[in-house]
Amino acid sequence: MDSSLILIHNLLRWILLPIMLFVLYRSYSGWLGNKSYEKVDKATGGALVGLAHLQLLLGLVIYFAVSPWFDLLKSDFGAVMSDSVSRMRAIEHPLTMIIAIVLIQIGRSFSKKKDNDQAKFKTVAIYTTIALLLILSRQINWGLPT
Ligand code: HEM
């Protein structure tokens with residue numbers, strides 16, 4: 001159960017990242033090419049937020065109930081912080097991913113309030129680009145769980 005949660009969390013990224021790239025592609029081409037915001041944009045934007053929330057939920061469960069990092073942080077904060085591998089797992093990855101997911105959510109919520117399609121695309125494009133850069137900057141393992 002524990003290791004399957006980590007496996008699902010690992011693999012879900014390969015669904016989330018392509019959808020994120022697709023949303024970005026549609027947003028930039030819609031914004032810069034003056035296209036109209038279509039059903040597919042609404043659907044993929046919703047799917048991206050939903051998957052990001054699922055990844056957040058899994059990450060929180062892994063963080064507090066499966067992985068040792070939260071306990072280690074409480075028992076020896078200094079040791080965790082002084083080692084780059086454990087600092088990444090205990091602080092940098094979780095915190096950066098939470099910020100990225102909040103940005104994805106904000107981008108979508110703000111875009112819904114815009115009254116023209118270019119403004120919708122622009123809002124999603126900017127927030128999602130920052131979120132993608134944050135996600136790529138703090139990935140733990142580019143392969144399968146070891
Ligand atoms: C877009 C969001 C996220 C992505 C793409 C992502 C991706 C990953 C990946 C690929 C791993 C490596 C799993 C492995 O093979 O060992 C991982 C591990 C982990 N993630 Fe995430 N994650 C995300 C969000 C989160 C969040 C929000 C949290 C916590 C609040 C979190 C907590 C963790 C923890 C605790 C581990 C296990 C670290 C370890 O024990 O080595 N993740 N994540």
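Q: Which helix gives the most to the lining of the largest cavity?
A: That's H2, with five residues. A quick heads-up: this is a predicted model, where local features need pLDDT of at least 70, side-chain atom pairs count only at pLDDT 80 or more, and totals for chains, interfaces and linings use all residues. Side-chain values use heavy atoms, leaving out hydrogens and water, and residues are numbered from 1 along each chain as its sequence is written.

Q: What makes a space a cavity here, and how many of 30 Å³ or more does the structure hold?
A: On a 1 Å grid over the protein atoms alone, a cavity is a set of points where a 1.4 Å probe fits but cannot get out; a pocket is an open set with protein on both sides within 12 Å along at least five of seven lines.

Q: Which residues lie nearest the centre of the largest cavity?
A: Val-23, Ser-27, Asp-41, Gly-45 and Val-124 do, out of 15 lining residues (those with an atom within 4 Å of a point). H1, H2, H5 and helix H6 (117-137) each give two or more residues to that lining.

Q: How does the lining of the largest cavity divide by class?
A: It has seven nonpolar, five polar and three charged residues. Here Ala, Val, Leu, Ile, Met, Phe, Trp, Tyr, Cys and Pro count as nonpolar, Asp, Glu, Lys and Arg as charged, and the others, Gly among them, as polar.

Q: Where is the ligand?
A: The ligand takes up the space of the largest pocket; to sit there, more than half of its atoms must lie within 2 Å of the pocket's grid points. Helix H1 (2-32), helix H2 (39-66) and helix H5 (84-113) each give two or more residues to the shell around the ligand.

Q: How big is the largest pocket, and which helix gives the most to its lining?
A: There is about 840 Å³ of space in it. H5 gives the most to the lining, with ten residues. The pocket has 32 lining residues, and Ile-6, His-9, Ile-62, His-93 and Ile-140 lie nearest its centre.

Q: How many residues surround the ligand, and which are the closest?
A: There are 24 (each with a heavy atom within 4 Å), and the closest are His-9, Asn-10, Trp-69, His-93 and Asn-141. The shell divides into 14 nonpolar, eight polar and two charged residues.

Q: Why does the span of H1 agree with what it should be?
A: Expected span is 1.5 Å times one less than the number of residues. H1 has 31 residues, so it should span 45 Å, and its end C-alpha atoms are 45 Å apart.

Q: How many helices and strands are in the protein chain?
A: Six helices and zero strands. Both are DSSP runs numbered from the N terminus: helices are H or I with at least four residues, strands E with at least two.

Notes:
Points joined across faces, edges and corners; volume = space filled by probe spheres on them.
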